[in-house]
Amino acid sequence: MTTPTQPLKLYNTLTRRKDLFVPIAAPYVGLYVCGPTVYNYVHLGNVRTFLTFDTLFRYLTHIGYKVRYVRNITDVGHLVGDGDDGEDKIGRMAKLEKIEPMEIVQRYTNDFHSVTEMFNLLSPSIEPTATGHMVEQIEAVRVLIDKGLAYESNGSVYFDILQYNQQGGNYGKLSGRILDDLLNETRDLDGQSEKRNPLDFALWKRAAPEHLMRWPSPWSNGFPGWHLECTCMSTKYLGKQFDIHGGGMDLKFPHHECEVAQGQSIYGEEPARYWMHSNMLTVNGQKMSKSLGNSFLPSELVTGTHHLLEQPYSPMTVRFFMLQSHYRSTLDFSNEALKAAQKGYKRLANGLRIAKTLTYTAADGVVVDEKKQQEIRKAIDDFYGALNDDLNTAVGIAQLFALLKYVNMLYANQLQSAALGEEIFTELKDSFIQFMEGVLGLTEEKTGSQAVLDGMLTLYREYKDQKQYDKVDQVRSYFKAQGLAIKDMKHRIDWAYEE
């Protein structure tokens, strides 16, 4: 195990401070991250969240932990508006397209996997689905009813928040909400007559006749509540209490707040010891949203087809751009910032290519430069210090550039490897490569144009397979704008076209 001089501290939303990371059963670590609801294309806000926890997964593994990383797929129960009433997001999309809900699930799960591969996100250890864990969810509802913390109403089952607090719970502690304030805010809401209290949330919903996705249960033919699935899947694979639960800031309330209440009620203790949340994206200082026309799909970013973009940006440029900002800070997209990230990434990628070619050469009479040895050791130690300070990749990248200086000096013969000594030379080379590829997930891309063309050809194939003809046309338009035809590009990738 690598032993950095500083201990790892992570900002814990539950305690509102940076806490020393002490796993329940070191060297094993349980990490659960809320995955996507697969009813539409993955957006860049999703990418940032999953990139944050990909980096955490990579770093924990790098320093010697054995991590079980669980990231779910939500394929039922997430209703339009994120509440307890209305249509299922997947069912609604299936009705609009007049196809089976599971066809929607498969299509957008495939898209999600394509995007994670595009941005070099590692696969989780386990990727469970909500529909694959119906038995566990029904059993969890039974347990909560038996404990007096849930009640059936009209075939639906709701979690009783007031009863939970009376039994020693503290609903609102994760998000910092005060129960009395929440009650006042929700007291006058209409359409919630099934509930004893408007703040209670659904564990099981009776399906309306037009609802496509339904399963039998002791209470009704219906479907599980959105919050319940994560409680059941996280504890099934990581235990009744595990180390880290992650997700986007938008999930902190009510989704994660409800998970805390459910897990504590079922098992009698906190479901996760550390709760981590990544912050939101903005575009030119404005919140990213479809209504403002400033929301990007990853494919639009790497092709430059969005009207706000001046040029395409490669996936590794975008990954580098996101890592330049601390995961808990707001990240603002702009052409200027992306162009600057492109230059920075290219410098590091060039250094990565060089570092892999460097070899140590002993030389008689060369004096060891102790100052440079100390500077290299300090940059390596400071990289670990940055990552151990709540995964501060922004400061870590600054240390990568400090190491890059010596990589370039060695390549340009401005510094002899013997002047560093074999131990420090090897440490410089190995650390630079490991930090770039292993920890930050920054790989050497082909030339920018080649990377984008190959990425677009892959997207073209997937969109065609999925019969997403609007997206197929978008890719064709991109190639046309470049003065290229897809049929002329088949030599770039090993699959056949039917044009």
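This is a predicted model: local features need pLDDT of at least 70, side-chain atom pairs count only at pLDDT 80 or more; totals for chains, interfaces and linings use all residues.

Start by selecting P254: you'll find this proline in helix α8. Residues are numbered from 1 along each chain as its sequence is written, and side-chain values use heavy atoms, with hydrogens and water left out.

Where is another cis peptide bond to look at? Select A26 and P27: the peptide bond from A26 to P27 is cis, with omega near 10°. P27 sits in the loop between β2 (17–20) and β3 (28–33).

Next, two residues with a positive phi. Click on R16, in the loop between β1 (9–12) and β2. R16 isn't a glycine, yet its phi is positive, about 60°. R16 is also partly exposed, with a relative accessible area of 40%. (Buried means under 20% relative accessible area, exposed over 50%, and partly exposed in between, using a 1.4 Å probe and protein chains only.) Then jump to K98, in the loop between α2 (89–97) and α3. K98 isn't a glycine either, and its phi is near 60°. Is K98 buried or exposed? With 76% relative accessibility, K98 counts as exposed.

Carry on into helix α3 and pick out T116. This threonine is buried, at 8% relative accessible area. Show its surroundings: leaving aside residues up to four places away in sequence, T116 touches R71 and L121.

Time to zoom out and colour by domain. The domain assignment gives domain 1 (9–278), domain 2 (283–439) and domain 3 (450–497); such bounds come from an automatic or database domain assignment. The centres of domain 1 and domain 2, taken over C-alpha atoms, are 34 Å apart. How many residues of domain 1 are in contact with domain 2? It's 28 residues of domain 1, in contact with 32 residues of domain 2, where contact means heavy atoms within 4.5 Å.

Now for the largest pocket. It lies between domain 1 and domain 2, because both give residues to its lining. (A pocket, on a 1 Å grid over the protein atoms alone, is an open set of points where a 1.4 Å probe fits, with protein on both sides within 12 Å along at least five of seven lines; lining residues have an atom within 4 Å of a point.) Its volume is about 1300 Å³, meaning the space filled by probe spheres set on the points, which are joined across faces, edges and corners.

Select Y39, H43, G45, N46 and D250, which lie nearest the pocket's centre among the 43 lining residues. Then highlight α1 (44–62), which gives the largest share of the lining, four residues.

Last stop: residues 36–46. In an unreviewed entry, UniProt places the short sequence motif "'HIGH' region" here; UniProt positions are given in the numbering used here, feature names are shortened, and annotations may be inferred rather than shown by experiment. This stretch is 27% helix and 0% strand, and its end C-alpha atoms are 7 Å apart.
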